[in-house]
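I opened a new model today and went through it piece by piece. These are my notes, in the order I looked things up.

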Amino acid sequence: MENLHEASFRLWLASDALNVAQGSVLGQTAWMAENGFPARFHLAYCDPPFYSNKEYGPFSDQWQSLDAYLAEMRRWFEAIRPWVHDQGFFVLHCDYHASHYLKVLADGIWGYGNFRNEWVW
């Protein structure tokens, strides 16, 4: 069973050429560091598990606890942070299960003053 703990992560670089990296957060950031990737991205889009504690067909979004979930999200956010340009955006896709906890977590990494907006749909 594939684990949502390695859900999709996408990076876009604004330059003369569009560069896109897609895959697991820790896998992509480790690959970029190991291969001397020179760029910092202007947009990082993260679509992590939502802390629903449900099974979704081939995917599992079950966690031992909220603390375990937030610890993993901290690892993801901290792995992403060095790759986001100073003028870049980190976009987090989440839902009501943990959005308020993730906002506070992101504030601790990117700074409260860097929050721009939320989009509820």
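The entries below go from the whole chain to single residues.

**Entry 1: the whole chain.** I noted at the outset that this is a predicted model. I then went through the secondary structure and found 3 helices and 7 strands. Along the sequence I read the order as β-β-β-α-β-β-β-α-β-α. I looked up burial next: of the 121 residues in the chain, 35% are buried. The chain exposes about 7,500 Å². Carbon and sulfur atoms supply 55% of that area. I also checked contact range. Taking the contacts with a separation of 6 or more, 67% join residues 24 or more positions apart.

**Entry 2: helix α1.** Which residues of α1 are buried? I found Val25, Gln28, Thr29 and Met32, in a helix that runs over residues 25-34. They lie on the same side of α1, because they cover an arc of only 95° around the axis. The general rule is that an α-helix has 3.6 residues a turn, so residues three or four places apart point the same way. Just past the end of α1 I came to Gly36, which has a positive phi of about 65°.

**Entry 3: α2 against α3.** I wanted the packing geometry here. Two packed helices are described by the angle between their axes and the distance between the axes. Helix α2 covers residues 66-80 and helix α3 covers residues 99-110. I noted an angle of about 35° between them, and their axes are 10 Å apart. The crossing of α2 past α3 is right-handed. I listed who makes the contact. From α2 the residues are Leu66, Tyr69, Leu70, Met73, Arg74, Phe77, Glu78 and Ile80. From α3 they are Tyr101, Leu102, Leu105, Ala106, Ile109 and Trp110. Sorted by class, this contact has 12 nonpolar residues, 2 charged ones and no polar ones.

**Entry 4: the β4-β5 loop.** Most residues other than glycine have a negative phi. Tyr51 is not a glycine, yet its phi is positive, about 65°. I placed Tyr51 in the loop between β4 (41-46) and β5 (54-56). Is Tyr51 buried or exposed? Its relative accessible area is 16%, and the cut-off for buried is under 20%, so Tyr51 is buried.

Asn53 lies in the loop between β4 and β5 too. Its phi is near 55°, again a positive value in a residue other than glycine. Asn53 has 32% relative accessibility, so I put it down as partly exposed.

**Entry 5: Gln62.** I followed Tyr51 across to Gln62. The two are 11 residues apart along the chain, and their C-alpha atoms are separated by 7.0 Å. Gln62 sits in the loop between β6 (59-61) and α2. At 41% relative accessibility, Gln62 is partly exposed.

**Entry 6: His85.** I ended on strand β7, residues 84-92, which holds His85. Which residues does His85 touch, leaving out those up to four places away in sequence? I found Arg40, Phe41 and His42. I also checked His85 against Ala39, 46 residues apart along the chain. Their C-alpha atoms are separated by 8.5 Å. His85 counts as partly exposed, at 28% relative accessibility.

Notes: Residues are numbered from 1 along each chain as its sequence is written. This is a predicted model: local features need pLDDT of at least 70, side-chain atom pairs count only at pLDDT 80 or more; totals for chains, interfaces and linings use all residues. Side-chain values use heavy atoms; hydrogens and water are left out. Axes are lines fitted to C-alpha atoms, for helices over the stretch in contact, and angles run from 0 to 180 degrees between N-to-C directions. Helices (H or I, at least four residues) and strands (E, at least two) are DSSP runs, numbered from the N terminus. A crossing is left-handed if the near helix is turned anticlockwise from the far one by less than a right angle, and right-handed if clockwise. Contact means heavy atoms within 4.5 Å. Ala, Val, Leu, Ile, Met, Phe, Trp, Tyr, Cys and Pro count as nonpolar, Asp, Glu, Lys and Arg as charged, and the others, Gly among them, as polar. Buried means under 20% relative accessible area, exposed over 50%, partly exposed in between (1.4 Å probe, protein chains only). Accessible areas come from the Shrake-Rupley method with a 1.4 Å probe; for residues, only the protein chains shown count as cover. The arc is that of the directions from the helix axis to the C-beta atoms.
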